[in-house]
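Open your viewer and get the selection tool ready. We will walk through some charged pairs first, then some ring pairs.

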Amino acid sequence: MRSKNAGMLAEIELKSCIVIVLSSVFLAFGLYHVHSLAGVTEGGVLGLNLLLEHWFRISPAITNFLASVVCYFLGWRLLGRTFIIYSVVAASSFSVAYRIFEQFEPLWPQLYHMPLLAAVIGAVFVGVGTGVCVRVGGAVCGDDALAMSISHGAHIKIEWAYLISDLTVLALSATYIPLNRLIYSLLTVVLSGQIVGLVQRVRFKKISKMRKSKGGN
């Protein structure tokens, strides 16, 4: 039993945990200061929570918990134990950071009247914050766990996995959200998904190895 625990802990890197914490804080900053003010909805689990609350009066406190449990369980089955540990670090960091940001006034309240700009800026925060966390191997929320599972199981790029889940929820959200707001929501989920995919394709390790080999020659 001890050998199993020791082996699992050996797979967890301190540097990776630090990167996950920083990316989760970055994501929380963007969601609080941009998305929460812009009135732009999300796809995935978050958008599904809002949809169920509107039509069935089920609290997001219930639906988000159940959906996240299912998504994380699926991620654990497909991606392993390390994924769960990194995801706990990511989700905890995000929650603590968001709670801290809530104690202060939003930096850019004028973004509510500039939904296009908010959609683009918000996509950068979501794409980079989520992308770096996923790159390390963790998931901030159920959306990320679901996308990672779809990408792994269906062998497709992760940006397309995000797009599939987001578009499904946004299409259903059209039953109660004005079209103009949905357009901005579509823009931000498409951009953020592509940024996540871009972050996954950046080859930091290979670049560093090439530089070392050149130096050795």
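Select R99 first: at 54% relative accessibility it counts as exposed, where exposed means over 50% relative accessible area, buried under 20% and partly exposed in between (1.4 Å probe, protein chains only). You are looking at a predicted model, in which local features need pLDDT of at least 70, side-chain atom pairs count only at pLDDT 80 or more, and totals for chains, interfaces and linings use all residues. Residues are numbered from 1 along each chain as its sequence is written, and side-chain values use heavy atoms, with hydrogens and water left out.

R99 and E102 form a salt bridge, with their closest N and O atoms 3.3 Å apart; the term requires a side-chain nitrogen of Lys or Arg within 4 Å of a carboxyl oxygen of Asp or Glu. The whole structure has two salt bridges.

For the other, select E159 and R201, at 2.5 Å from N to O. E159 sits in helix 8 (residues 158-173) and R201 in helix 9 (residues 179-201), 42 residues apart; helices are DSSP runs of H or I, at least four residues, numbered from the N terminus. E159 is buried at 5%, while R201 is partly exposed at 41%.

Next, the rings: there are eight aromatic pairs, meaning Phe, Tyr or Trp (its six-membered ring) with centres within 6.5 Å, stacked under 30 degrees between planes, edge-to-face over 60 and tilted for the rest. Show F29 and F101: their centres are 5.5 Å apart and their planes at 85 degrees, so this pair is edge-to-face.

How values were computed: Helices (H or I, at least four residues) and strands (E, at least two) are DSSP runs, numbered from the N terminus.
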